[in-house]
Amino acid sequence: MTTIRHHPDDELLLGLAAGRLPTGTALVVAAHVEQCAHCRSQMRDLEAVGGVLLEDVEGAELRPDALVRTMAMIDAPSKPTSTRVVAGPPPLPVGAQWPKALAGCVATRWRWIGPGMRWSRITVPWDPSANMFLLRIAPGKYLPQHTHSELELTQVLYGNFHDGRAPFGAGDFDAADPTVHHQPVVQDGCECICLASVQGRVLFDGFIARQLGALVGM
Amino acid sequence: MAPNAEAMNADPAPLRARPVLSVVSDGPQASALPCADDLAALVSAVATASDRQAFALLFKHFAPRVKSYLMRGGTPDQQAEDLTQEAMVTLWRKAAQFDARHASVSTWVFAIARNLRIDAFRRAGGGQQAAFDDGFDLDSLPHETLSPDEALSSARATTEVRVAMRALSADQVQVLRLSFYEDQPHAQIARELGIPLGTVKSRIRGAVSQLRRLLNVTP
């Protein structure tokens with residue numbers, strides 16, 4: 001496994017541990033944590049902060065019959081879980097994995113957006129405001145130069161790219177805000193698959209690129 | 001408590017909207033708490049013997065705290081009550097999965113309550129049908145499991161974290177508490193610390209990195 005060089009910052013990890021991140025942000029950060037042992041260990045420390053705070057909070061009053069009702073739920077026969085037949089997610093190249101964080105989401109098939117560029121829209125059924133997608137870019141191809149009106153989070157699931165600032169490989173995480181103006185270029189030899197969440201809009205330079213952005217709803 | 005660089009660099013203490021709650025108490029309340037090992041033994045009794053008495057003790061200890069956690073985050077009373085009971089049912093059903101080497105019982109219960117709160121949010125969001133006819137359902141993805149050696153290396157005692165938190169400045173503890181307990185943590189941190197919204201992120205990062213420094217020097 002390659003070394004992961006780019007991690008979410010402490011503010012994002014704390015937000016994930018606390019369960020207070022917006023949906024799209026939470027899913028991309030969770031996808032990173034799945035791939036990154038270092039961040040998993042950080043997360044456990046931050047969750048332990050949650051444990052300490054829970055110990056120290058002054059308890060709220062429960063209904064007098066709360067324990068009785070809870071025991072009744074425990075004794076009730078568990079409902080059979082519906083065994084829905086679901087189609088598996090679209091296949092990925094060997095070595096790439098769908099983030100488990102996306103369980104319950106819906107992904108479209110790979111759609112063409114340009115030569116060597118495909119994307120899959122991720123829908124989060126419980127939060128339509130989450131703007132998420134996968135990008136699958138062929139070796140040597142690049143995204144148009146762009147910046148972001150708010151925040152674009154990216155988790156590299158497979159392959160690698162260089163965006164002029166730094167190289168990014170499988171497992172790496174990136175947060176790009178309006179100060180970042182970049183053009184990710186996929187390295188030769190291997191296609192690249194990224195999970196992205198965008199708050200606000202991606203602002204492409206140039207007329208053609210803007211049309212492309214409008215097409216995919218970025 | 002030794003002053004630390006973060007505290008000395010901090011802005012002069014602003015007027016606070018409400019007093020800082022004692023969140024890392026070591027006072028009388030602490031001595032009344034069952035210790036971490038006792039709680040772990042109770043969970044183990046639930047797991048191995050379906051021990052109802054042990055469960056009742058865990059319920060007495062955790063249920064009011066879980067409800068309080070949920071209500072402070074903005075969950076209405078009735079829903080907080082329901083989710084608390086659901087959390088305790090989860091504790092019963094998943095007791096066998098609890099691994100004291102991985103986390104303390106409090107951390108585990110916190111994670112259960114946090115996940116149920118998020119699940120409730122998901123249920124409330126409803127299952128809007130995706131607007132695509134070529135969608136793949138990602139429901140079949142497996143749930144996260146921890147590899148055994150990771151579980152072994154991950155034991156961080158709650159007491160260790162508690163000790164580290166006592167060495168943080170009052171503002172840093174407040175930042176952590178609000179991050180966990182407020183529905184809009186950034187706005188609330190700005191209000192209570194009297195700082196601009198734009199500096200909240202750096203305050204959070206400062207609090208976490210100081211906590212990490214303290215944890216890493218703890219033997």
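Into which domains is chain B divided? Chain B has domain 1 (34-124) and domain 2 (156-219), with bounds that come from an automatic or database domain assignment. The model is predicted, and local features need pLDDT of at least 70, side-chain atom pairs count only at pLDDT 80 or more, while totals for chains, interfaces and linings use all residues. Residues are numbered from 1 along each chain as its sequence is written, and chains are lettered from A and ligands numbered from 1 in the order in which they are written.

**View 1. The fold of chain B.** Chain B holds 11 helices and 1 strand, where helices (H or I, at least four residues) and strands (E, at least two) are DSSP runs numbered from the N terminus. Along the sequence the pattern reads α-α-α-α-α-α-β-α-α-α-α-α. Of the 219 residues of chain B, 35% count as buried, a term for a residue with 20 or more other C-beta atoms within 10 Å of its own, whereas 12 or fewer make it exposed and values in between partly exposed, with C-beta atoms placed from the backbone.

**View 2. The two domains of chain B.** The centres of domain 1 and domain 2 of chain B, taken over C-alpha atoms, are 24 Å apart. In chain B, 8 residues of domain 1 are in contact with 6 residues of domain 2, contact being C-beta atoms, placed from the backbone, that lie within 7 Å. On the side of domain 1 of chain B that touches domain 2, the elements giving two or more residues are helix 4 (52-72) and helix 6 (105-125).

**View 3. Helix 9 and helix 10 of chain B.** The axes of helix 9 (residues 170-181) and helix 10 (residues 185-193) of chain B come within 9 Å and cross at roughly 150 degrees, the axes being lines fitted to C-alpha atoms over the stretch in contact, with angles from 0 to 180 degrees between N-to-C directions. Helix 9 and helix 10 of chain B are therefore roughly antiparallel to each other, the term for angles over 145 degrees. In helix 9 of chain B, residues including B:Val175 and B:Leu178 meet residues of helix 10 of chain B, among them B:Ile189 and B:Leu193.

**View 4. The loop residue B:Ser50.** B:Ser50 lies in the loop between helix 3 (36-49) and helix 4 of chain B. Although B:Ser50 is not a glycine, its phi is positive, at about 45 degrees. Most residues other than glycine have a negative phi. B:Ser50 counts as exposed because it has 12 C-beta neighbours inside 10 Å.

Technical notes
Two residues are in contact if their C-beta atoms, placed from the backbone, lie within 7 Å. Angles under 35 degrees count as roughly parallel, over 145 as roughly antiparallel, 65 to 115 as roughly perpendicular and the rest as oblique.
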